[in-house]
Each structure stands twice: as structure tokens, then as C-alpha cells.
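Subject: A structure for you to look through

Dear colleague,

I am handing over a structure that I would like you to read alongside the notes below.

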Amino acid sequence: MKFTNGMWLAREGYRIETPKELYAADADAEGLTLYCPYVRVLHRGNTLDGGMLTIRIESPGEDILSIKLMGHRGIRKKQAHFQLNRQAVQPVIEKTEKGWRICSGKMSAEITGGAEFAIRFLFDGKRLTSTCAKNMAHIIGPDGQVYLRERLELDVGENIFGLGERFSAFVKNGQSVDIWNEDGGTDSEQGYKNIPFFLSDRGYGVFVNHTGKVSFEVGSESVTKTQFSVPGEELEYFIIGAEEPKGILRRYAALTGQPPALPLWSYGLWLSTSFTTAYDEKTVLSFIDGMREREIPLSVFHFDCFWMKEYEWCSFLWDSDTFPDPKGLLKKIHERGIRVCVWINPYIGQKSSLFEEGLEKDYFVNTGSGDVWQWDRWQAGMALVDFTNPEAKRWYQQKLEKLMDMGVDSFKTDFGERIPTADAFFGPKAEKEGICYHDGSDPQGMHNYYTYLYNEAVYEVLERRLGKGEACLFARSATVGSQCFPVHWGGDNLSNYPSMAESLRGGLSLSLCGFPYWSHDIGGFEAGCHPDIYKRWTQFGLLSSHSRYHGNSEYKVPWLYGEEAVEITRRFTRLKNRLLPYLYSLSLLEGQQGIPLMRPMLLEYPQDPGCRLLDRQYLFGDALLVAPVFHPEGEVEYYLPQGSWVNLLTGERLQGPGWRRERHGCLTLPLLVRPNHLLVVGDCAERPAFADEQQLTLVIGQLDEEEKTERLLAVRPGQQPVRFKVCREKESITLCAEGLDRPFSAFFFEMEGEWSAEGATLTREENGLLLSGCIKTAALKKVCR
């Protein structure tokens, strides 16, 4: 939201009040309070008839400072609020020659007092950003609406990332972004998952603690500043510092919620009925059996909306005309080793058998007159379940428990974005009477926050029934803290290359907001999926943390797209299953700290300027580079950081740093092993399997002379991880496995010279050397001729 007309004028109808000085300050054990009037106090008379901005600085965690701007503090409106894990940190506060300093760990704020009022933020003594009196503002709009605004200085060349799942440019500089969940698809400036958190490549992150609309102007209204504003008399933000970007994400996740472990089966391939397609028991079983006949491992089968009767979403009752024996069908699916997911949403259509019960017991969101809020978008006369009402929440959960009794293993929690406010878009009654929640929460704050309560309710059911680490849903909408209820997918995309690319941008943006798991509709949701798109997207989809075929009016089984599509699906599904020891370990060791499996390059290479803007490639974990192909002729352009990289599929060695342009057939793509890193792969390609159920192989791409590397392998939740170590000297390579009670193997991509083995068997394989039968330790020795 913009308030100014150029550098010197306010927009017509807006009054902008900014602090003119730091007049006084009070320090206590928890923090520092600053009093900043909107006029210079030159004599006592200036203390009359004017406002004041109050600023409170505290520390909710080590290396984090919270800054709260306050106008009038007497507002009693009940606000929704994020579930934050504030720690009892006592900052170090000291008076300085120029003003004050407040420190938390290595994070500090230096405050200049008097008429030169300003705040500089530093980490370990290095300046991150700053604000000053002219940047902070109390603003009154033409309709009397009050806003608070803050601006943080942008350094030369500084880039801003994040702000949720955004399908626009990956770098947010120059963009206006409203944190307001909407159902707008991927070819839109709108977003399903709006997160008021951004990451700067200058070593800090900023989280705005406001559940309602937060308006960001990132180098747009003022091209040298990141601006954010909220309606109302209070704005709180947190500035987080760390040595590297992953440290910022860890601290942000510790504050807003650490993601849980996910069940191993969830990483396998998901197949959907698609949306408006026709399907019954015969169709479903033919799809599942067709995958098995073609040796394509399938982990989950998903029933989309029409498992229920039309106009009755949600009734949580199977359409008996199409599925006369749903319990029997689910049993047949389970006997085939497949889990079951069904589609749900938080709306109750008027034709649903549940509508009357919800109406009678007041389980729905109301308007100001006490009537139920209803509209006809999506389902005729639909109402919205009020999850602030504990009884309504339990009622909704009981319906899900009955489905789990029947054999459902997971829920696709669709929608949750079009949550009503007193706006004409939501109908004349909403606009005239307003919206009322059971607990009195302000509907503006509930619009974004509703999805948290909705997905929390569903996740609780799954976790109660299945246990910790075994619950998994498939959610579209999200807000701060929703990372605690994974998985999330990217919503409605188109079946073309630009939409495939915009989906990746959205996932990478979300990954920098503490969401470690993410998926997308392989082949695109909307109609028009060409076989070429299907095959290229299948590669990308199966090199994502979670992989699902889904569409609108088209089935997405691979044999409909040709025999090559079947072969690609089979190869890449089996490849992903073999990679699961590596991926699952990363999810246990780092995913629960908010570190994503699909990583923007800048996350692992923050010091490489060539990596900062990349949005058409990513690291899959810390050791695999993926560059999806977005071109019908197989052309792909990507950047390699420093070192010797090896293509996992072909064995080709490539030298960085630098840009590469290649052409690939549909069976390959750039999938490169990072220099001086280890992969751990299993031998089970037929299904997701734990590492202790498989024969493990270390994959070593390039190991430089005098280089050491290691890999911690978490096998199962709560178990002590295995530690693999590899050390190369000039003429030898030694391997060691600590905590592994059985033999392992190691594969070395083609190396110069001849080698012999000690403590293991050495054989020459395609593209390299295989060292097998290693027990705890083994070595390769270079043979001198």
C-alpha cells in the first residue's frame, strides 16, 4: 500500500505523522521503551495537543529483536494471533554516548537519540539495515482508517526473498505484495500461502507479527527501502540475524513453529482421480493395477471432490450411486499396499446432510445479525465452519474420524482462502452487518489465520490416530505456523512450461519461509497437458519433496501420454525411492528446523553472487542440483558454482563456476552431484523403505585431494544417526561408517588412474568404480605404474 506522492508529498487525503525526535527512553529487565513525539519539543508548550509514537524493543529469542510500534494502545478488539514460541531472554541494555544499545546474542540495535533519532541493526558488529524517524509513521487515511508504517533501508545490490508462495519474480525487489490469502491460481499476483516474512541476502530476516493484511512495498514506493504497513494502532516486527541464511530459517522456525517429521510413505508417488473426471471403483482399481502392471511404484491414491455427491460438499458421505461399498474399496486398495487420501474443505453446502445440524448448533460463521454467512461461490448456499468454536471443531473432527475408521489415511485440505470479511465481495449481508466468530475474533485478522485453525483441526485427528511422525495432509492454503501441518501443494496451475516455471518460483519462495515440504500438480491442473509437458514435469515432480499427479478434467495416468511417459514415470519414481535414505534423513535432521528439501541455490551458496537470483534450478537437499527442462526441444540453461560436478544419470563431469546450455532427451536432465559431498542411496526402488531395510551405497561425485567430507544419516525418528566419513589424500581414499552394523558399498564416479581396494571388493561399473562389502572401514589405493 502506497501513502506518498513521490519523495516529498503525501497522497491526497492521507496525513502522515512521523517522529521528530527520541524524547525519552525507559529501560527495564525485559527491554527498552522509546517515546517519540510527532513534533520537536523545544519548550513545554510543544508537549501539548500532539501525538506520540511509542516503540518497544525486546528479545523473544537469541539473535532476535522484536520492535513494536504503537499509536493509541487502548484498542480492545479481539485479534487473532500467531502461536509464537517466545523465549525468556533478557537482553543486554546499555546507555551510550549517542543514545542506547540493546543486544540479544550477536544481534544488536543501536539507537541514536534526540532529533537525529535512528535505529541501526547489527549482527556480530556488522550493519544489517536501519530505520529512522522519517521511515516510521502513523498515518490517517481519507476514510479515517489508521495505519502504522515502517521502512527498512535497502543496501546497494541487496535482494529480498520470500513473503510466502509467490508465483511472481523470485526476487521481490520492485514488487508490491499484500499478505492476503486468495484463491487466484498460479498465473496471478495473488497467493494461497501469504507469509509476512522475508529474507535478505545481507544476512537478516524480518517477520511482521500480524495475522491480517500486511502490505509490503519492496523497493517500490521508495526504491531504497523495504516498506511494510498494517491497518490499526500497532505494528510489531522481528528482525533475525545469523551467520548464514539457514541459520535465519532455523531461528524463524524456532519462533513460529518447527515442522514435524512426515511418514516415509508420503515421499512416494501419489496418483489422483483428478477433479471433474468420471470415476468409480472400476476406474480407480484399473489405475492402481495399471501402475503395478507397468512396474511403477505407487504409494498413495487420492479421491478428489466427487467421492461425495455434487452440491453436498462437505457431507463426508461417499456417493452411494458411484461407490456402493466404499469400505470394501478402501480394503482392496490397502491390500495392494496403497494408502488412501480423500478431498475435504471447510465449507458445508446447504444440500449437505450436515447443514441442518451445523445451523441448529451454531457451528458456522455468522453475520452481525446472527444469521449464518452464506454464499453460492463453489457450493450453493454454503456455510463456513467456525473453528474458534471448540464444539464445532470437535464436530468436524468426528466426521473425519469416521472416515479414518473406514480406511482413509490422509486428507487433502483444500481451500481456506476465501474467508469472509465485511467486504462487498463476500455479499451484501457481510458488507452491511459484518462477520462474527464464536470467540469474537476480528474477521480481518481471521481472514489469513483461518487456514491455521482449519488445518490444525485436521492434522490433530491424523496425529491422534496414527501417532507422531505418521500424520500427513495435503494443504493448499497456509499462514505463519502452517509449516507445522505439512504437506502443502502449489494450487491450480496451467499445463504449459511457463506455469511449470512459475510453480517452481512459488515453491522456492515458500521454502524461504520455513516450509520444508512442498508439492505441485504434475503436468498442470488445467486441461491441455501435452505428452511433452507431462514427461518434463514428471522429472521435476519426482525430484520434489512430494510428488502427485493431479488434474482438472484430464486423467494423469502415464500410459495416456505414451510409452515414453510410462518409462520416464517408472525410472524417476524408482530413482526417488532409491534416494529416500538421503532425503528422509535430511527431513529428520534439517526439515524439522525449517530447512527445505528443495533449496534455492542461495541457501547453500550465499557467498556466490551467481546463485542469488536463480529461480529455474535448485538443490534437492544439500548434495544434488536439479535444473528442470522448461523447453519443448529439451534446451536447458543453468549455472554451476565452483567445483567439479557429476551428472548422476550419465556420469558426465562438468566444471564450475559458469553457465551451461545443454539439450536433453526426455530420459535425462541436469541432475548433478555436488563436489565434495556424499549421497546415500538404497537398493529398494519398488517402494519407500527405511535405510535399515536396504543395502546402502555411498555415492561420491568429486572428492578433491586433501579433502574430507561426511554424511549423517538419520534412519528412523529418535534413533542415533549413522555417520559416514570419506577422506582423500593424494594416493588414497579411506571410508568409515560409525554406528552401522552391516556392510555398505561406495560408488566413485570415474577417476583418473588405476585403483585397488583394501577391506572390500572393487569392481568396475558403468561410469565408475564400485567398492562393495565394506564393513566399518575400507580404502582405495592408487596403483602406481
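Six strands form an open sheet with antiparallel pairing, in the order E33-E34-E35-E38-E36-E37; strands here are DSSP runs of at least two residues (E), helices are runs of at least four (H or I), and both are numbered from the N terminus. Two strands count as paired if DSSP finds at least two bridges between them. Strand E33 (598-599) and strand E37 (653-663) stand at the edges with a single partner strand each, so one side of each has no neighbour in the sheet. Within this sheet, strand E34 (residues 618-620) and strand E35 (residues 624-626) run antiparallel and are joined by three bridges, and phenylalanine 620 stands opposite leucine 624 in E35.

Before you go further, please note that this is a predicted model, in which local features need pLDDT of at least 70 and side-chain atom pairs count only at pLDDT 80 or more, while totals for chains, interfaces and linings use all residues. Residues are numbered from 1 along each chain as its sequence is written, and side-chain values use heavy atoms, with hydrogens and water left out.

Which way do the side chains of strand E17 (residues 197-200) point? Phe197 and Leu199 point one way and Phe198 and Ser200 the other, and all are buried, where buried means under 20% relative accessible area, exposed means over 50%, and partly exposed lies in between (1.4 Å probe, protein chains only). In a regular strand, side chains alternate between the two faces of the sheet. E17 pairs in the antiparallel sense with strand E15 (residues 160-162) over three bridges, and there glycine 162 has phenylalanine 198 as its bridge partner. E17 also pairs with strand E18 (residues 204-208), again in the antiparallel sense, over four bridges, with phenylalanine 197 opposite phenylalanine 207. The hairpin of E17 and E18 has three residues between the strands, and in it glycine 203 takes a positive phi near 100°.

Turning to charges, the whole structure holds 62 salt bridges, each being a side-chain nitrogen of Lys or Arg within 4 Å of a carboxyl oxygen of Asp or Glu. One of them joins arginine 40 and glutamate 21, whose closest N and O atoms are 3.3 Å apart. Arginine 40 lies in the loop between strand E5 (31-37) and strand E6 (52-61), and glutamate 21 in the loop between strand E3 (15-17) and strand E4 (24-27), so the pair ties together parts that are 19 residues apart in sequence. Arginine 40 counts as partly exposed because its relative accessibility is 40%, whereas glutamate 21, at 7%, counts as buried.

Another salt bridge joins arginine 418 and aspartate 183 (4.0 Å, N to O). This pair links distant parts of the chain, 235 residues apart, with arginine 418 in the loop between strand E28 (410-413) and helix H6 (428-433) and aspartate 183 in the loop between strand E16 (176-179) and E17. Arginine 418 is partly exposed at 25% relative accessibility, while aspartate 183 is buried at 19%.

Finally, a network of salt bridges links Glu244, Lys246, Arg250, Glu590, Arg599, Glu604 and Arg674.
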